[in-house]
4 protein chains.
Amino acid sequence: MSFLVFVSMTPIGKGESVSKYVAKVVDVIDRSGLPYVLTPMGTIVEGESWEEVMEVLKKGFEEMRKECPRISITMKIDYREGKSGRIRAKVESVQEKLGRELKTLKG
Amino acid sequence: MSFLVFVSMTPIGKGESVSKYVAKVVDVIDRSGLPYVLTPMGTIVEGESWEEVMEVLKKGFEEMRKECPRISITMKIDYREGKSGRIRAKVESVQEKLGRELKTLKG
Amino acid sequence: MSFLVFVSMTPIGKGESVSKYVAKVVDVIDRSGLPYVLTPMGTIVEGESWEEVMEVLKKGFEEMRKECPRISITMKIDYREGKSGRIRAKVESVQEKLGRELKTLKG
Amino acid sequence: MSFLVFVSMTPIGKGESVSKYVAKVVDVIDRSGLPYVLTPMGTIVEGESWEEVMEVLKKGFEEMRKECPRISITMKIDYREGKSGRIRAKVESVQEKLGRELKTLKG
């Protein structure tokens, strides 16, 4: 199965510029070995199951909360049975429908 | 600490009316014993930690996926250290600021 | 038609307690005359069209941005043709499926 | 100012594969001339104001609703005064903090 998650974690009350804290979460995701892509609004991670992805996100959250007493998290999850590799396939499918290349993800 | 989660799970490809499937997730939340409130757009659950709330949501997801091969989930999480009972306190705080009662939650 | 929106606006960089700013947005929604309900995680508003609801939310945003240079907004929209009054009906439908009353909205 | 929006529109009740409908919304965004990036979980668009971006998204919604009687929309907005070009800058800022390149967006 494919468990695809868009996630964004934002500290509240740590000033207007928060990329220093965001970087710690992204670091955990990058080191997890799961396929992911960093976007301007959050990170998209793909795993085989709820547990596989959530374990990584919890670790990221634990890193951030060491320094941040209030955190706002947004997640959007797209679960689909019997599929995998959707972190690439979904974008390709939209491009195919339109018959042209769009502004999208690297390599 | 207070780990407050707004969650909505929607099956994709099971027709336009999905409350039959949504009810199974709400049933799991209702039986969990955690404080919650059902809203027209999702359910809000409060727990002491990431694990406590996520364990319940995972159970709800497992119920839904027995019948639904594709599921879209939205979560918005508000974590705050050293607080509790925010499922009531947040609404009261906004009403206080405005100095009047608003359309809001029961009991 | 029914255009049902869950919305949450949070200032970033204005400290950890933000209900003072949130109250200004809720005030605009309350005065709009549209059916709404305030929840611990955001406000749910119902209108007849994209324009009707978005006009109110834009006004709320304009109030908040007078004082807040950075704002994070989450919206979840459920549009359905040929329906109305879903701010009540959706919750009732879930309760009916389960055959019992749940913790839910006032009035 | 910079008004950065992550948006995802999903038809409910049109089967499990929905990229045909999603492509119509992405087509509107692509033709709008606004900076955007298509991701596996939604599209990120940047504009100068609420109106500029919302006008485009409303057009996309109007295209989708010609064929879809029920639509679920998720939006996450990051508004910031006195900035622009954040569709690139935010990702670069996280990479800088970590001192290495991450899996991210195309040139």
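This report describes the sheet, the chain contacts and the symmetry of a predicted model.

## Basis of the model

Local features need pLDDT of at least 70 and side-chain atom pairs count only at pLDDT 80 or more, while totals for chains, interfaces and linings use all residues. Residues are numbered from 1 along each chain as its sequence is written, and chains are lettered from A in the order in which they are written.

An open, antiparallel sheet of 8 strands runs in the order β2(C)-β3(C)-β1(C)-β4(C)-β4(D)-β1(D)-β3(D)-β2(D), where strands are DSSP runs of E of at least two residues, numbered from the N terminus, and two strands pair if DSSP finds at least two bridges between them. Its edge strands are β2 (36–39) of chain C and β2 (36–39) of chain D, each pairing on one side only.

Within chain C, β1 (residues 2–11) and β4 (residues 70–80) pair in the antiparallel sense over 10 bridges, and P11(C) stands opposite I71(C) in β4(C).

In all, 34 residues of chain B are in contact with 34 residues of chain C, contact requiring C-beta atoms, placed from the backbone, within 7 Å. On the side of chain B that touches chain C, α3(B) gives the most, with 8 residues; helices are DSSP runs of H or I of at least four residues.

A rotation of 180 degrees with 0.0 Å of shift along its axis superposes chain B on chain C with an RMSD of 0.0 Å, by least squares on the C-alpha atoms of residues with pLDDT of at least 70 in both. This is the relation of a two-fold axis, and the same surface serves both copies, since 100% of the contact residues of chain B recur in chain C.

Definitions and conventions
Two residues are in contact if their C-beta atoms, placed from the backbone, lie within 7 Å.
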